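Me: I would like to know what the labels on this model rest on. Please set each value against its definition and then conclude.
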Amino acid sequence: MKQSQFESHYQASWKDFASKLDGLEKTGKTDAAHSKGFAADYRRICQHLSLAQARGYSNYLIEHLQQLALRGHQQLYRHRSTIGAQLVGFLLSGFPRLVRAQWRFVAAASLLFFGSLITMGLLVYLFPHLVYSVVDPQQVASMESMYDPEASRLGRFSERGAGDDWMMFGFYIMNNIGIAFQTFASGLLLGLGSLFFLLFNGVMIGAVAGHLTQIGYSETFWSFVIGHGAFELTAIALAGAAGLKLGWALLAPGRLPRMEALRLAAAVSIRLVAGAAVFLLLAAFIEAYWSSMTFATPHVKYAVGAALWALVLSYLTLAGRGVHAPD
Amino acid sequence: MPHIENSPEHATSQTSAQPSAGLLDTRYQVETPEGIDLTLRPAGLVPRALAYSIDLIIRGVVMGLMYLLLGMLGKLGMGLGTILLFLVTWWYMVLFEVLNQGRSPGKQWMGLRVVHDDGTPVGWPASLTRNLLRFVDILPMGYTFGILSCLNSPTFKRLGDIAAGTLVVYREEKPQPPILPEAEAIRAPFALSLKEQRAILGFAERANGLSKERRIELAGIIAQQLQVPAEQAEHRLNGIAHSLVGPR
């Protein structure tokens, strides 16, 4: 068959396919009647392309068909984004399962983060002057004023008084999720970045906690942080675990090429980070609307905080174990 | 089977097959389940940097305007502003890439789009990965790691792209139907291979883009085989092209 015959014979079907593509590309969906037979049309385009190549038709025709095939491919193999349902399934079962599946990295990151936090806290508590070799004096002073038992509101921005929960909420989101994202992303530097951020944050938080306990602000401090800490600290450890996984894929790719190992590891660890981001969102909410309130007595706060820690730990260890997990 | 790998014939057939595929060309082939090759054209450093700059400017302007507006709302406004800053910093690219067929406004302007390595539109996990890892690409300053990685990769991938398995490609433009130069259809004096057939058609289709002298020069190369004087070779080639395409 000569090229011109081939073209005139199939021109109409190509035009029709192109118009279907236009509709799909513009809106993302079209009415069912119009896209009926899309898959069959796409296969036919692929066949025409192969024919055109095998028969040595002109470049223009081949390029035209190639474009139709590419656009068809992109619509046919589009990754379906039923984000709502996926998110619910992920939170109910996928995320805790993932955390358990990656327990090695989670354990390593937790050990680094909580280990350095507790060690530094104890050291500062026992040797008070140590705090000044980690945190600069100005920051120590501002921390002290934040958790002064005389203050009516607690936490960052406490001096601004009431009515700014929104501002604090925004600040916590920006600050904390930013830190978690950094901890994750810097894992690409052979894991060193994650290692640094985990230890750095652990040491800083530990030093401040030890110092404030030592100077006698323990009730205001601990009752403030215990609630949102359950989500916030866990999330930082999880983001660190995701970063360590990235770094490990580069250091010890196993039987895969490094780039391939990295790609596979990233696909898993991005899900860990997404879960950690949800945790941090919750933490920011709790920090702004519960932790900073002074109407609840410290005992109530300790009780709620303990309940939240139990909730987080049991969620991560128990959720999604059922055979018929919710999808 | 080492004896096959060591045999010289095998080695030569390997190397002789390579050059045709290894032209100085950035095109990237993806084989689909339907058994055809899709051709993607990865975009290089400069268009990507320009697209990024445009996005940066847009984000700057949006943030400036919102701060002016939200500033009037006091502390609520500051809170909203910080959340907005967070969204713009970490989610601007992700939202546009996933919801707008892989195109942030800057990329749209430059005619680029983000796709998975297999040519399918980018999804949430991949887009999130490549944009979170941007944090490493900008290290230690001014996108140094990203630029090094981009220049070092045959498909211009920055580190985030490598980890996410994504590509930034040129959006395909609709090809213009070419007009073959007028000539009497005539059969080739000898059987043409597929490659020769494509070359002759390509010559005729691109005639308008070549100067007269260049056309004569190119056609002159095979004047002898066509059994015509060099001046008529071009006309003869166009004639053969017409006969290959067939009657309109």
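Me: What makes domain 1 and domain 2 of chain B separate entries?

Reply: This is a predicted model. The division of chain B into domain 1 (45-170) and domain 2 (194-245) rests on bounds from an automatic or database domain assignment. The C-alpha centres of domain 1 of chain B and domain 2 of chain B are 47 Å apart.

Me: Where do the domain bounds of chain A fall, and how many Å separate the centres?

Reply: For chain A the assignment gives domain 1 (3-76) and domain 2 (83-318). Taken over C-alpha atoms, the centres of domain 1 of chain A and domain 2 of chain A are separated by 52 Å.

Me: Why is α10(A) called roughly antiparallel to α11(A)?

Reply: The axes of helix α10 (residues 218-251) of chain A and helix α11 (residues 258-291) of chain A cross at roughly 170° and come within 8 Å. Angles over 145 degrees count as roughly antiparallel, so α10(A) is roughly antiparallel to α11(A). The residues of this contact comprise 24 nonpolar, six polar and four charged.

Me: Which residues make the contact of α5(A) with α10(A), and how do they divide by class?

Reply: From α5(A) the residues include Phe105(A), Ala109(A), Leu112(A) and Phe113(A). Among those from α10(A) are Ile236(A), Gly240(A), Ala241(A), Leu244(A) and Lys245(A). By class, the contact of α5(A) with α10(A) has 12 nonpolar, two polar and one charged residues. Lys counts as charged, so Lys245(A), a residue of this contact, falls in the charged class.

Me: How do you know that chain B touches chain A?

Reply: Residues are in contact if their C-beta atoms, placed from the backbone, lie within 7 Å. On that basis 50 residues of chain B are in contact with 53 residues of chain A. Elements of chain B that each supply at least two residues of the side touching chain A include β2 (37-40), α7 (124-132) and α14 (233-245). The largest share of that side, 11 residues, comes from α4(B).

Me: What classes make up the side of chain B that touches chain A?

Reply: That side of chain B divides into 30 nonpolar, 14 polar and six charged residues.

How values were computed
Residues numbered from 1 in each chain as written. Chains lettered and ligands numbered in written order. Predicted model: local features only at pLDDT ≥ 70, side-chain atom pairs only at ≥ 80, totals over all residues. Contact = placed C-beta atoms within 7 Å. Helix = DSSP H or I, 4+ residues; strand = E, 2+ residues; numbered from the N terminus. Axes fitted to C-alpha atoms, helices over the stretch in contact; angles between N-to-C directions. Parallel < 35°, antiparallel > 145°, perpendicular 65-115°, else oblique.
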